[in-house]
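Welcome! Please take a moment to look over the model below, and then we will walk through it topic by topic.

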Amino acid sequence: MFGTIRKRRTALAALGAVVSLASTALMAAAGGSWASDANAAAAFACRVDYSAHDWGSGFGANVTIANVGSSAVTGWTLTYSYAGNQTLRQGWSGVWSQTGKQVTVTNASWNGTIPAKGSVSTGANFSYGGSNAKPTDFAVNGAPCTGTDPTTTTTTTTTTTTTTTTTTTPPGDGPAPELRVSGNELVTADGEPYRLLGVSRSSGEFACVQGKGMWDGGPVDQASVDAMKTWNIHAVRIPLNEECWLGVYGTPGGATYQQAVKDYVDLLVANGLNVILDLHWTWGAYTNSPDWHCKDEHAVCQKPAPDAKYAPQFWTGVANAFKGNDAVVFDLFNEPYPEMPAEWDKTLGWQCWRDGGTCAGIPYEVAGMQDLVDAVRATGATNVLMLGGLEWANDMREWLTHKPVDPQDNIAASWHAYSFNACATETCWDAQIAPLAQQVPIVLGEFGQDNCAFDYMQRLVDWADAHHISYLAWTWNPWGCSTGAVLIKDWSGTPEPGVGEGLKAHLLSVEP
């Protein structure tokens, strides 16, 4: 989380029904913009996913164009039509226009290329009155698409159009999928795109150093997992404490703590839920910190950067415990903010983030992200790694430039977006996050708002859906929602009004 005083994120207000449509249709231009008459676009295997968040007099449309072929394509123009009086108001992540009932969307300058097995997303707001039927005539550059290469089609078949209602599928009894990075997406072992959609389950980071046992008195049994599955939760992020894992401070610690984590992870994975293990609280004497920051050297709070003393040891141990189980993802450090002790010098901050060592304003030796990547890979573990950016993982602008070297090429970006963060609007997300999402998978490792409503979070998950971004809300703990960030009233999964009800409704409307 954000730090001692900045914590207690929030959650969600009333969420309108989201209609998810996985329809097929599409083609994108190869070798130039659709605006160019000189080049005819090559056909390719593609898929269109359309969803709409409807609030009665208007709605937000989210459209994802997936390239399911083996070659990248460049340049696309999407067209489709509404049957009613839907009227375009504002679009993003593309150039939107409307003539009569037909809507046209042309790629932006930064998202014209769709990688093989990758996708691009775009969205817009509309007003309307009366009915709001979903469109069915999606095409790209004038040609429909069926999910297979149109150039191989040799027969024409006339079929009767049918309407299919898509329903979500809660995790089943089978194990969670093993994941890897492919282009800008997480994919399963079969190469199918997959998103980590779910919640954080806090307490593993603090209970052991606060005399509260292992999981703060909360259950980690089958019934608690079944409660998560009723929300259509497919992924759980578990914050951890490095000193408890290593057995140098806190109780339980060492082997007892490690076994408790292993048992919970095994239970979740066996139930079809992916797990993200997050290094949350770390060692580090930070006596010259601001008054709002805790100054204890032990792992009893959030520190600005991982320490070289214990963090590499922690990840060596975790990687050895879970290597061979690629359903588990490693979030290397919760919320870095090394630029703050350096007087908000982002250049020094990004250097410290990647390279570690002696960093301005931080009294202890820092382990850089490259050090932590190396510690994991030295064990032979191939798990997906998540790396958060600066400013409590909210600033991602130089992430790609400073991305560490990974021999597995298996790194995703971890982004946190709360309503009180600097980057908390669609304008900022379009400018700073969307371009990154075209290059690497993004996992919204934490998100929330500073009250118990869902309005900010609704906008955020709609935007994330449109950009095929994973997300995990803070937090699945029944602490009472007074200032936000609490999703449930009890361990059986009764949702908190607003935040919990909104997130539950949304998760039940989407698929990973």
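A residue counts as buried when its relative accessible area is under 20%. Pro338 has a relative accessibility of 3%, so Pro338 is classed as buried. Keep in mind that this is a predicted model. The protein has 512 residues, and 58% of them are buried.

**The overall picture**

- The protein contains 10 helices and 21 strands.
- Take the contacts with a separation of 6 or more: 75% of them are between residues 24 or more positions apart.

**The barrel**

- Which strands close into a barrel? There are eight, in the order E14-E15-E16-E17-E18-E19-E20-E21, and their pairing is parallel.
- From one strand to the next, the twist averages 30°.
- Strand E14 (residues 197-200) and strand E21 (residues 470-473) run parallel and are joined by three bridges.
- To find this pairing in the model, look for Val199, whose bridge partner in E21 is Ala473.

- Is strand E19 mostly covered or mostly open? Strand E19 spans residues 411-418, and eight of its eight residues are buried, so to speak from end to end.- Ile411, Ala413, Trp415 and Ala417 point one way from E19, while Ala412, Ser414, His416 and Tyr418 point the other way, and all are buried.
- On one pairing, strand E18 (residues 385-388) and E19 are linked in the parallel sense over four bridges. Here Leu387 stands opposite Ala413 of E19.
- E19 also pairs with strand E20 (residues 442-448), again in the parallel sense, over six bridges. In this pairing Ala413 stands opposite Ile442 of E20.
- To get from E19 to E20, the chain crosses through helix H8 (residues 426-437), and this β-α-β crossover is right-handed.

**Helices H8 and H9**

- Two packed helices can be described by the angle between their axes and the distance between those axes.
- What are these values for H8 and H9? Helix H8 packs against helix H9 (residues 455-466) at an angle of about 35°, and their axes are 11 Å apart.
- The crossing of H8 past H9 is right-handed.
- H8 brings Glu426, Trp429, Asp430, Ile433 and Ala434 to the contact, and H9 brings Tyr456, Arg459, Leu460 and Trp463.
- Six of the residues in this contact are nonpolar, three are charged and none is polar.

**Helix H1**

- Helix H1 covers residues 222-229, and Ser224, Val225, Ala227, Met228 and Lys229 in H1 are buried.
- Among the elements that cover the buried residues of H1 are strand E15 (235-241) and helix H3 (255-270).

**Back to Pro338**

- Where is Pro338 found? Pro338 sits in the loop between strand E17 (328-331) and helix H5 (346-355).
- Leaving out residues up to four places away in sequence, Pro338 touches Pro304, Ala305, Gly349, Cys352, Trp353, Ala360, Ile362 and Leu390.
- Along the chain, Pro338 and Ala360 are 22 residues apart, and their C-alpha atoms are separated by 8.2 Å.

Definitions and conventions. Residues are numbered from 1 along each chain as its sequence is written. This is a predicted model: local features need pLDDT of at least 70, side-chain atom pairs count only at pLDDT 80 or more; totals for chains, interfaces and linings use all residues. Side-chain values use heavy atoms; hydrogens and water are left out. Two strands pair if DSSP finds at least two bridges between them. Helices (H or I, at least four residues) and strands (E, at least two) are DSSP runs, numbered from the N terminus. Axes are lines fitted to C-alpha atoms, for helices over the stretch in contact, and angles run from 0 to 180 degrees between N-to-C directions. Buried means under 20% relative accessible area, exposed over 50%, partly exposed in between (1.4 Å probe, protein chains only). A crossover is right-handed if, with the strands pointing away from the viewer, the path from the first strand over the helix to the second runs clockwise. A crossing is left-handed if the near helix is turned anticlockwise from the far one by less than a right angle, and right-handed if clockwise. Contact means heavy atoms within 4.5 Å. Ala, Val, Leu, Ile, Met, Phe, Trp, Tyr, Cys and Pro count as nonpolar, Asp, Glu, Lys and Arg as charged, and the others, Gly among them, as polar.
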